[in-house]
Amino acid sequence: MKPLGVAVVGAGYWGPNLVRNFRNLPEFDLTWVCDLSRERALAAIGPRSTVRATDALEDVLADPGIDAVAVATPAATHAEVVLACLDAGKHVLVEKPLAASVAEAEKLVSSADEKGLVLMCDHTYCYTPAVGKVRELTHAGALGAIQYFDSVRINLGLVQRDIDVFWDLAPHDLSILDFVLPDGCAPETVAAQGVDPIGAGHACVGYLTLRLAGGGIAHIHVNWLSPTKVRTTILGGSRRIVVWDDLNPTQRVGIYDKGVQLNGSADSEARREALVSYRTGDMVAPALAEAEALHRALQEFAAAIREGRPALTDGASGLRVLKILEAVPRSVDKDGASVPVQL
Ligand SMILES: NC(=O)c1ccc[n+]([C@@H]2O[C@H](COP(=O)([O-])OP(=O)(O)OC[C@H]3O[C@@H](n4cnc5c(N)ncnc54)[C@H](O)[C@@H]3O)[C@@H](O)[C@H]2O)c1
């Protein structure tokens, strides 16, 4: 099958990773790299290459050999660049966050729908073998009813100038949550608290609590000021509990057949003790392929285009993440009160 002609737009920090991965995939033929700085585009391509560099998006969009564009420009520019690509009839992979606001994201999703084009959001973590395994378990019902999702993403992080810690880090956890939750567990309310102890002008430490349909809860802790790095997510179900530690290469995922159960109703303290039972079964650490998440994401992009179906992390998933992010300041302004979200 003829490879898909593809261009990368935006060759700053992340764009070169797209360039490298497109080159390693037989599904694609990387033809253009575009950046406002042509030098940066050239640097991403490297010497002795037939890939073309330009500082004008029009060059890319006018090329009939281009089927798809990957956009890695800053979030504030996504709406304009992605709409131009869709208008030119190109399928689009756009870096997270999908856009800078829900209103912009809605335009992108409806434009792609109208034109029958693939709009995929690069929620890269969703394509790690570990998160893929967690999704497989939740969607097969192996965890039972979802009770809680608890995610910690903290380290001595780069304090961003233009966005707070929620916008910087929480999209990762929110996109993973969106990816792994089975139907019927969507977030319904958001409560957020953030603090700025160093005077950065916006929150550097943040806590998000989401109430899920079906009675579950999700909690996300993001923090730029922690001396230690933690990237751990626990997903508790009535039958099994999964622990994903992204920093533990020898055992990233553990599936625990452990839990606590209350049998019958506890109408007195003594009776309650008799009714609580602990299940202490095995822990299984599944063998996971060592594969680069971005490589798998681009394979999914190609498959969605070829099969004419939405990508696993389609525009709609990017929009749901943005709806939660936009609810954060509404809750923060009410000192952390729960505010509804309609996903
Ligand atoms: N998936 C991930 O894990 C991941 C990681 C890092 C960044 N990102 C995302 O990638 C995107 C880019 O982030 P970055 O850190 O690489 O930013 P960056 O500022 O390092 O690079 C952006 C590049 O885009 C270029 N650019 C800006 N507007 C343009 C336009 N209209 N046309 C062509 N080029 C344009 C700039 O010249 C710059 O070279 C952001 O959305 C960011 O959130 C994703």
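In this predicted model, Arg-48 is placed in the loop that runs between helix H2 (38-45) and strand S3 (52-54). The backbone of Arg-48 has a phi near 50°, a positive value in a residue that is not glycine. Arg-48 counts as exposed because its relative accessibility is 82%, and the cut-off for exposed is over 50%.

Asp-335 is not a glycine, yet its phi is positive, at about 55°. Asp-335 belongs to the loop between H10 and strand S15 (339-340). With a relative accessibility of 64%, Asp-335 counts as exposed.

The side chain of His-91 has a polar atom that lies 2.9 Å from the backbone nitrogen of Val-118. In the loop between S5 and helix H5 (102-115) stands Pro-97. The peptide bond that joins Lys-96 and Pro-97 is cis, with omega at about -10°.

At its N-terminal end, H7 is capped by Asp-164, which places a side-chain oxygen 3.1 Å from the backbone nitrogen of Phe-166. H7 has a kink of about 40°, and this kink is centred on Pro-171.

Over the whole structure, a search finds one cavity of 30 Å³ or more. The volume of the largest cavity is about 70 Å³. Elements that contribute two or more residues to the lining of the largest cavity are H6, H7, strand S11 (225-237) and strand S12 (241-245). Among the lining residues are Val-131, Val-134, Phe-149, Ile-176, Val-180, Leu-235 and Trp-244. What is the make-up of this lining by class? The lining of the largest cavity consists of 10 nonpolar residues and one polar residue, with no charged residue.

The second largest pocket brings H7 into view again. This pocket holds about 390 Å³ of space. It is lined by 22 residues, of which Asp-178, Phe-179, Leu-181, Asp-183 and Arg-320 are the closest to its centre. Three helices, H6 (129-139), H7 (165-180) and H10 (315-332), each give at least two residues to the lining of the second largest pocket. By class, the lining of this pocket divides into 13 nonpolar, four polar and five charged residues.

Taken together, these two spaces connect several of the elements described above. H6 and H7 each supply residues to the lining of the largest cavity, and both helices supply residues to the lining of the second largest pocket.

Notes:
Residues are numbered from 1 along each chain as its sequence is written. This is a predicted model: local features need pLDDT of at least 70, side-chain atom pairs count only at pLDDT 80 or more; totals for chains, interfaces and linings use all residues. Side-chain values use heavy atoms; hydrogens and water are left out. On a 1 Å grid over the protein atoms alone, a cavity is a set of points where a 1.4 Å probe fits but cannot get out, and a pocket is an open set with protein on both sides within 12 Å along at least five of seven lines; lining residues have an atom within 4 Å of a point. Grid points are joined across faces, edges and corners, and a volume is the space filled by probe spheres set on the points. Helices (H or I, at least four residues) and strands (E, at least two) are DSSP runs, numbered from the N terminus. Ala, Val, Leu, Ile, Met, Phe, Trp, Tyr, Cys and Pro count as nonpolar, Asp, Glu, Lys and Arg as charged, and the others, Gly among them, as polar. The bend at a residue is the angle between axes fitted to the seven residues ending there and the seven starting there. A polar contact is a pair of N or O atoms within 3.5 Å; within protein, one must be able to donate a hydrogen and the other to accept it, and residues adjacent in sequence count only if both atoms are side-chain atoms. Buried means under 20% relative accessible area, exposed over 50%, partly exposed in between (1.4 Å probe, protein chains only).
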